[in-house]
Amino acid sequence: MRSSRFVLAAAAAAVSIALTAPAAYAGPGQHGGDEGHLIGTGEWGKVELVGQVTVHDAEEGLIADVAVDPDGDYAYLARWGGSDCAGPETGGQGSPDGGVYVIDISDLENPVEVGFIATHQDTLVGEGMQVVRFDTADFTGDVLVINHEQCGKNGKAGVSLWDVTDPLKPKKLSEHFGDITIDAARATPDVNQTHSAFLWQADGRAYLVATDDEEASDVDIFDVTNPKKPVLIGEFDLNEFGVSQPALGLTDSFLHDMVVKEIDGTFYMLLSYWDGGYVLLDVDDPANPVFVGDSDFAPVDPEVLAVLGYELIPEGNAHQAEFTMDNQFVIGTDEDFDAYRLVVNTDGGGVYNARAGELTTIEEAQEVTGTTVFVGKACPGDTVPAPPAEDGYIAVVERGECFFEEKIQTVLAAGGYDAVIIMNREGADACNAATVPSYDTDAIPVIFVGREAGYGLFDTAGFDIDACLQGNETVDAPISVGTVGDVVTDVGAVFDGWGYVHLFSVGDDMSLTEVDTFVIPEAMDPAFAEGYGDLSVHEVATDPLDSSLAYLSYYSGGLRAVQIQCTNPADPMTCELVEVGGYLDPDGNNFWGVETFVRDGRTYILASDRDSGLWIFVDP
């Protein structure tokens, strides 16, 4: 595999793209015109709009996931938290922080908001919603699963279970349960935040898997046979099975989402493990899951190469996945909100992958030039040398031992530097990965590069990726503080598009082999990089009646229907994903969640629009 340095060098030589885009669309409708959205002409192909309801307190970015009960009579929308989520409470249903809208969809053409399940103050509901018909010795009825993250100091975390057998009278079964440990020690009296959750039943018992946001052992499995008394039965870090790809710089490997499905008598958990890819576990014994295998990201991003014609390493970002109805394929979605990646170029010929800091715009990053000076870890109490002259110098800081904000403040206190470059530390989750540093001050541009790039800026030999991955953040780079390095001649922005979709064939041994990728055209067109909303895929729902069909929530790209089409059905390598329908409103959409269900022998699709509410479609 090529290093990130040389893959990016090929891209830099092949293309030069300016950061300009058409003026933002400022049309009427639900989205307003602050950033604009891609606009459409309604429905096409195998998607037909049936009904729509806007929640009573709709605002931009309010709605998250969608779930549906087993009978297809009620839908549930997650309230992700309004613009005042972290602010003071004003009371009443009209101003909750988070919760769940209950929507009566018995009349599909005229859905009606009929209830609301409020969460605790400063508490969100996001991607972990699901309704399951429960049947154990301890409980029979419909159970709503809700995940919880926080938007303020009073927030509660974990997972909650509600009895929604009567959706108009929901009853709390258990609330805010979860893992209370971080690295085996109790962290706080509160449970850890949970990004997603999934519930399944097997042999008269019920289990739930949750994403632990706060520790490396992020696969938390509970026995919820008695939903009023959940019991944690195991927590696991799948990086112990080597699912990440450090040679590509993909070391930001953690659990994001998961489903469980019984296939040929075995229960398999399909996990989307961000930079680790898509992972399969045998969970016949949920307390002792067995690693089956995982997918790998290709050495070269397939959509960038196919559409744009140059080579970049993939970004990872395995977000969510599902099996097709016949279990012959897995469709996975990679979420990516950044249509550009940065490239740092030096007078020594170096070309390095980079990311802009959280408060540094792409435009500000592109203006960074100057001579590099190594200033160590720049933690409180460290001495940062002044630059050799008043301007034209960049402080290169080593990650580790203190917060990014503290490093930036230490550099600012030294004075004289025009920008900060942070090089990654050692460790299994670091090295050549380029991340987005979070900090509080916007007084100076901040750029992040991998550790090998940091060595390269100072012509320092001896970087070893294997040794780096086995090291830890206390290791100091073999560069003397005050060393003057290469000159950053420019920072380029290389267009690499938005998030896209993977198609994997499932082997008889449950191995995953990638056979195709899919992306909407606008997502790979630099003309749509800014001003048209987020053009990344988010989630997928496969068709419960047709194993070849699936539906994608594509944020501002709308709802898309794709079909697996094969020139030789006996050979999965001849199969591809082909768009066969979709919906995009003339006023724009912003679809987060997608779910399917069957009524009267037809597949219906529910999509949650972040800015309005529930949209209902059918395969005509």
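Is Asp-142 buried or exposed? At 7% relative accessibility, Asp-142 counts as buried, and the points below, which concern a predicted model, start from the salt bridge of that residue.

1. Asp-142 pairs with Arg-133 in a salt bridge whose closest N and O atoms are 2.7 Å apart.

2. In the salt bridge between Asp-476 and Lys-377, the N to O distance is 3.2 Å. Asp-476 sits in the loop between helix 6 (465-470) and strand 30 (484-495), and Lys-377 in the loop between strand 26 (370-374) and strand 27 (393-398), so that distant parts of the chain, 99 residues apart, are linked. Asp-476 counts as exposed at 52% relative accessibility, but Lys-377 is buried, with a relative accessible area of 7%.

3. On the surface, Asp-203, Glu-262, Asp-264, Asp-284 and Asp-285 gather in a patch of negative charge. One of these residues, Asp-285, is placed in the loop between strand 20 (278-282) and strand 21 (290-294), where Asp-285 is partly exposed, with a relative accessible area of 38%.

4. The backbone deserves a look at two residues. Most residues other than glycine have a negative phi. Trp-274, although not a glycine, has a positive phi of about 50°; this residue is found in the loop between strand 19 (266-272) and strand 20, and is buried, with a relative accessible area of 13%. Glu-401 likewise has a positive phi, near 75°, and its place is in the loop between strand 27 and helix 4 (404-414).

5. Four disulfides are present in the structure, and, with the bonded cysteines of the chain numbered in sequence order, the pairing runs 1-2, 3-4, 5-6, 7-8. One of them joins Cys-379 to Cys-402, with an S to S distance of 2.2 Å; because the torsion about the S-S bond is about -90°, this disulfide is left-handed. Cys-379 lies in the loop between strand 26 and strand 27 and Cys-402 in the loop between strand 27 and helix 4, so the pair ties together parts that are 23 residues apart in sequence. Both ends are buried, Cys-379 at 8% and Cys-402 at 18%.

6. Cys-431 and Cys-468 are likewise joined by a disulfide, S to S 2.1 Å, which is left-handed because the torsion about its S-S bond is about -110°. With Cys-431 in the loop between strand 28 (419-423) and strand 29 (446-449) and Cys-468 in helix 6, the pair ties together parts 37 residues apart in sequence. Cys-431 is buried at 0%, and Cys-468 is buried at 2%.

7. The disulfide of Cys-566 and Cys-575 has its sulfur atoms 2.0 Å apart and, with 105° about the S-S bond, is right-handed. Cys-566 is partly exposed, with a relative accessible area of 28%, whereas Cys-575 counts as buried at 3%.

Conventions. Residues are numbered from 1 along each chain as its sequence is written. This is a predicted model: local features need pLDDT of at least 70, side-chain atom pairs count only at pLDDT 80 or more; totals for chains, interfaces and linings use all residues. Side-chain values use heavy atoms; hydrogens and water are left out. Patches are made of residues with over 30% relative accessible area and no salt bridge: like charges are joined within 9 Å, nonpolar side chains (Val, Leu, Ile, Met, Phe, Trp, Tyr) within 5 Å. Accessible areas come from the Shrake-Rupley method with a 1.4 Å probe; for residues, only the protein chains shown count as cover. A salt bridge is a side-chain nitrogen of Lys or Arg within 4 Å of a carboxyl oxygen of Asp or Glu. Lys and Arg count as positive and Asp and Glu as negative; His and the chain ends are not counted. The place of a charge is taken as NZ of Lys, CZ of Arg, CG of Asp or CD of Glu. Helices (H or I, at least four residues) and strands (E, at least two) are DSSP runs, numbered from the N terminus. Buried means under 20% relative accessible area, exposed over 50%, partly exposed in between (1.4 Å probe, protein chains only). A disulfide is a pair of cysteine sulfur atoms within 2.5 Å.
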